[in-house]
Amino acid sequence: VQLVESGGGSVQAGESLKLSCAVRGIAFSDNSMAWFRQAPGDTREIVARISSGGDTNYADSFEGRFTISRDNDADMFYLEMNNLKPEDTAVYYCNVYPFSYWGQGTQVTVSS
């Protein structure tokens, strides 16, 4: 199983980014997917997840600003992040939920 994130970068507070995750080696459309993040010195935390059928669930801190979506034809899923804040700075990981298949992570840095 291989997951490859892209789309991270450095932005100013209030700007937006869209992360992508390409998934290979698994029946993508049959599985739930998730985005996690890990800030320096913190534990990895879940940001959002999406079921095989497209139902979404967000951690309280992110609902309304972040949107998870998926494209089953392309075996990809996404995290659109709006109104980014400095505290959103972290490495973001994509995941086949709830399994231990992870991407390598993509850095998101938000400056004030």
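Start by selecting Arg 37: is this residue buried or exposed? Arg 37 is buried, at a relative accessible area of 10%; buried here means under 20%, exposed over 50%, and partly exposed in between, with a 1.4 Å probe and protein chains only.

Before moving on, some housekeeping. This is a predicted model, where local features need pLDDT of at least 70 and side-chain atom pairs count only at pLDDT 80 or more, while totals for chains, interfaces and linings use all residues. Residues are numbered from 1 along each chain as its sequence is written, and side-chain values use heavy atoms, leaving out hydrogens and water.

Glu 45 is partly exposed, with a relative accessible area of 33%.

Next, pick Asp 88, which is buried at 1% relative accessibility. Its side chain meets Arg 37 in a salt bridge of 2.9 Å, N to O. Asp 88 sits in the loop between strand E8 (76-81) and strand E9 (90-97), and Arg 37 in strand E4 (residues 32-38), 51 residues apart. Strands are DSSP runs of at least two residues, numbered from the N terminus.

Last stop: Arg 65, which is buried, as is Asp 88. The side chains of Arg 65 and Asp 88 form a salt bridge too, at 2.7 Å, N to O. Arg 65 lies in the loop between strand E6 (56-58) and strand E7 (66-71), so its pairing with Asp 88 ties together parts 23 residues apart in sequence.

Finally, show Arg 37, Glu 45, Arg 65 and Asp 88 together: they are linked in a salt-bridge network. The search of the whole structure finds three salt bridges.

Methods:
A salt bridge is a side-chain nitrogen of Lys or Arg within 4 Å of a carboxyl oxygen of Asp or Glu. Helices (H or I, at least four residues) and strands (E, at least two) are DSSP runs, numbered from the N terminus.
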